[in-house]
Amino acid sequence: MGRRDPVSVVIVGGGTAGWSAAAALARLVPGGADIRLIESADIGIVGVGEATLPHVRQFIQQIGIDEAAFMRATHATFKLGIDFRNFGRIGDSYIHPFGTFGRDLAQVPFHHYWLQRRAAGEEADIGQFSLAVQAARAGRFQLPRETDLSLASSYGYAYQFDAGLFGPYLRDFACQHGVTRTEGRIVSVERDAESGDVASVTLEDGTRFTADLFIDCSGFRSLLLGDALEEPWEDWSHWLPCDRAVAMPTASPAGEIEPYTRATALGAGWAWRIPLQHRVGNGYVYASAFIDDDSAAEGLRGTAEGAALADPRILRFRAGRRRRSWVGNVVAIGLASGFLEPLESTSIYLSHMAILRLVDLFPFGGISPADRAEFNRLVDMEYDRIRDFLILHYHATTRDDSPFWDHVRTMQVPDSLAEKLELWRATGRVARYGEGLFFEPSWVAVYCGQNVVPDRWDARAALPDQPVLARALDRLKQEIAAQVQAMPGHRAFLERETRRLAHAG
Amino acid sequence: MPGSAREPLGTIAVVGDGPTGLVAAIALRRALPRCAVTVIPTPADPAALADWTAALTPRSNAFLRQMGIEEGMLAARAGASLRLGTELAGWTSGQSRAVHPFGAAPPPEIAATSVSAALALADRFALPSDDPASPLSDIDYGLRLNPQAYTRALGALAAHLGVTRSPSGFAAATGDTSGGIAGLRLASGEDVTADLFVDCSGPASLVAQGLPSEPHIDWSRILPVDRLLIPPTTGAPKLTALDRITATPLGWRGEVFGRDGTHALFAASIEVGSPEAWVEAAGFAEAAVIPLAPGRRDRLWQANVICLGDAGVRFEPLHWLNAALVHAQVALLIELLPGRDLHPLERNEFNRRAAAMADRARDFVALHYHAPTRPEGAFQDYAAGLALPDTLRLTIDEFTRRGRLPFFEEDVLPRDAWVFAMASLGIAPGPTARSVTLTPAARTALIRGHEARAAAAVQSALPYRDWLAAYLQSAR
Ligand SMILES: Cc1cc2nc3c(=O)[nH]c(=O)nc-3n(C[C@H](O)[C@H](O)[C@H](O)COP(=O)(O)OP(=O)(O)OC[C@H]3O[C@@H](n4cnc5c(N)ncnc54)[C@H](O)[C@@H]3O)c2cc1C
């Protein structure tokens with residue numbers, strides 16, 4: 001082993017994806033890579049993307065960022081899950097938590113016992129058996145315990161932060177760790193005639209940069225992978241028809257800060273509400289085939305609470321991905337590689353996952369086709385599984401109040417999802433994979449939250465003496481309630497450590 | 001519509017009364033205490049490797065505990081002793097010796113002896129610790145068992161749990177009109193029906209024979225061994241923490257050093273040598289030659305029949321993975337326990353996951369024939385010329401190029417076992433971001449830290465013999 005010549009890397013784009021990649025490579029491949037990042041203030045960043053998943057914690061920990069400092073810099077709050085409103089049916093609300101439901105008994109997952117009690121007319125809400133859900137509903141927060149099997153370790157958490165501040169925070173961090181930043185607009189991309197690889201990129205002022213490896217983080221433009229290499233686009237808009245969003249920040253309301261993101265289904269899509277320390281992010285993700293921009297902005301104004309801090313801003317996108325993310329010497333990360341709408345806050349995760357894979361496969365000694373194939377295999381798998389999970393949110397509904405919901409309710413879903421649904425309906429089971437993002441509790445949360453109740457479930461749920469089972473569930477509920485009671489409010493918890501606060505003295 | 005719990009399986013017929021069938025029966029009966037579980041004896045078949053392998057891997061410890069098959073009982077009644085791994089002799093060159101231990105591998109950036117291997121090389125033993133700070137948290141162990149005593153102990157436990165043993169043996173299986181099994185005919189002439197049939201009858205797969213024919217996935221172009229030589233008696237007992245697999249020019253010899261005796265076997269290929277030559281290479285006085293057709297059924301669960309052990313998957317017992325695979329598949333069956341209304345999609349889910357387990361065990365075995373160097377020998381030459389499955393190719397390639405082990409669903413071997421296998425075969429990891437960027441000082445510190453950990457573990461452990469004596473004393 002031993003030291004080798006550093007690989008020269010040019011990262012194109014300085015949004016969340018670009019600066020995350022720069023920071024991670026600087027920290028995880030120290031001395032192994034010469035890193036330059038090119039960004040253009042004129043073009044700017046997409047500037048949304050504020051709700052995250054628990055993986056983001058591992059990411060920032062792994063690259064050595066202090067949580068409190070990061071939360072302070074990005075005005076972050078804690079997130080325990082997402083409150084989905086009006087999805088299965090108008091008036092419904094359920095939380096998809098970063099956590100589990102109940103406890104397994106005799107090797108049978110808890111939800112089978114819950115289904116059994118539910119059929120007996122009790123326990124309509126499985127959320128009562130999740131500490132994360134109950135804490136979220138109560139507006140409370142406490143750090144989970146890490147290792148034991150107690151209730152206090154039955155959940156995880158993520159952050160809600162300001163997308164406009166995350167990139168700059170990472171920029172400072174990455175530059176401190178040796179990343180070179182270049183401001184300027186790339187006007188041309190030169191390719192090697194023989195290999196087809198990208199040889200260099202040239203800025204408006206004529207400066208040209210060559211590299212062994214180019215990381216395309218140029219956002220929806222996909223400057224290298226899409227424009228220059230013309231990697232085909234795989235379109236998923238027939239399953240995920242939302243293709244626009246209108247975003248508008250509002251002032252924070254007084255009182256408690258919700259430790260969760262809200263997703264409220266509307267006539268032609270859904271609206272997010274992401275509470276930060278200093279403001280609330282709002283947006284309406286909609287399908288332009290079913291509603292026009294003005295009506296969407298109107299719809300957002302109608303649901304967003306609090307005084308608007310800016311005019312509504314419209315963003316355009318498509319659901320799908322480039323067929324391959326790594327082609328030649330170009331690896332696309334972030335919006336440049338593909339897009340799945342933010343319903344489950346998966347986009348930043350997908351960037352971070354891709355970055356860590358790239359670190360694993362970092363091309364010391366040259367890129368081999370096997371690196372590319374492996375990277376693409378892993379990225380595809382993540383995209384495909386998340387895609388199915390997102391489609392479920394739209395498809396599992398009885399809503400028939402608008403053409404949009406009629407479309408998604410009746411559309412043909414991918415076979416991979418149709419089989420999962422059928423297995424769930426017939427047996428109450430969730431197909432199990434060790435890899436991927438969403439595991440059994442997540443599927444159970446959405447199925448149950450959107451009223452997809454199985455016809456049949458595990459025979460063993462009927463074996464225990466039912467009054468005994470009922471008492472056990474009662475006790476669990478009480479335990480959870482007592483723990484929630486003992487937690488501080490989310491705001492109080494945030495303020496307990498002033499190092500976390502953006503506007504602390 | 002509120003739905004309901006499924007009607008539980010009312011009757012299960014387990015065909016085969018070796019350890020595979022008995023473990024399945026015990027697990028099913030524990031899961032469904034009101035289900036009538038009947039074990040139907042079949043003639044003992046020495047080719048049923050999952051029944052006769054005398055060694056288990058660490059993964060089985062938790063499984064057996066969960067099924068209420070206590071280690072103490074196995075020590076008292078099934079001749080159990082504990083092992084820290086396996087010595088590989090002659091696999092990379094005629095004289096090579098390497099230890100393939102259980103437990104945690106050393107930090108990937110350094111080439112070092114693991115804590116388990118350090119214990120084994122010092123001929124010492126200690127139980128693993130739960131405390132991550134303790135060096136003993138790096139070790140793990142597997143069980144050795146006396147197959148006959150183990151079978152009797154399982155039989156007694158099954159009876160105690162209310163599993164019925166049919167007095168009359170299996171005679172025939174009759175198909176039904178929907179592609180399943182309608183019932184079994186016993187030697188007594190009696191007929192048996194059941195909601196579910198579990199075929200644990202060994203390679204004869206007696207129940208599955210009654211099903212419409214099922215594609216068989218042939219592994220004979222991947223795994224070289226298709227003949228096994230088993231001597232009629234066990235050798236002298238030997239008290240040691242390591243078992244041994246020795247490569248010879250005509251095949252490999254496996255030795256499990258039980259406290260009841262040494263369980264030896266010799267694995268060969270019909271393509272290389274002759275029965276006489278094999279017996280000589282094995283160093284056996286005499287031995288029965290048993291054919292083995294490596295491969296598996298395409299679907300291990302078909303209609304109302306689930307095939308476990310050699311009835312479903314057959315492969316050479318390198319590292320004695322056959323019973324480990326059975327345990328993983330029984331655990332899967334308990335997880336996905338069907339109701340009386342067997343559903344095709346849950347069969348698919350079982351089949352997907354059970355097949356992934358089997359294929360990964362196959363890859364692990366096949367890996368041993370693709371070391372960068374090999375000893376001289378016709379068997380080694382033949383084996384090295386066999387096909388490399390894509391999944392194994394990817395594993396070796398990623399490891400040698402980038403020092404990583406790609407994840408595979410349902411791998412029955414823990415990641416560290418792959419690391420140890422690579423190391424014991426002389427397959428070096430490629431550069432990783434961590435290894436390349438590690439400073440010499442940091443590397444030295446890592447090595448020192450690890451060596452201190454291993455030394456501390458050896459210090460705190462007892463000589464294997466003493467430890468085992470105390471262990472057996474307390475198991476009585
Ligand atoms: C409506 C909406 C809501 C979202 N919500 C969430 C969410 O809640 N959670 C989540 O995880 N994700 C969310 N996302 C996704 C998230 O915004 C992105 O994953 C994240 O911001 C990463 O974007 P990026 O860095 O790939 O692209 P961008 O932020 O667009 O950055 C592109 C960069 O490339 C540079 N660039 C482009 N062209 C050139 C050029 N020619 N020369 C030089 N530089 C150039 C730009 O200047 C910029 O620096 C959301 C996305 C949308 C559209």
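The paragraphs below take up chain B as a whole and then turn to the cysteines.

This is a predicted model, in which local features need pLDDT of at least 70 and side-chain atom pairs count only at pLDDT 80 or more, while totals for chains, interfaces and linings use all residues. Residues are numbered from 1 along each chain as its sequence is written, chains are lettered from A and ligands numbered from 1 in the order in which they are written, and side-chain values use heavy atoms, leaving out hydrogens and water.

Chain B contains 15 helices and 24 strands, both being DSSP runs numbered from the N terminus (helices H or I, at least four residues; strands E, at least two). Its C-alpha atoms fill a box of roughly 70 × 50 × 50 Å along the principal axes. The radius of gyration of chain B is 23 Å, which agrees with the value near 23 Å for a compact globule of 476 residues; the radius is taken over C-alpha atoms, and the globule rule is 2.2 Å times the number of residues to the power 0.38.

Of the 476 residues in chain B, 61% are buried, that is, under 20% relative accessible area with a 1.4 Å probe, protein chains only.

A:Cys217 is buried at 6% relative accessible area, and B:Cys35 is buried at 1%.

Definitions and conventions: Buried means under 20% relative accessible area, exposed over 50%, partly exposed in between (1.4 Å probe, protein chains only).
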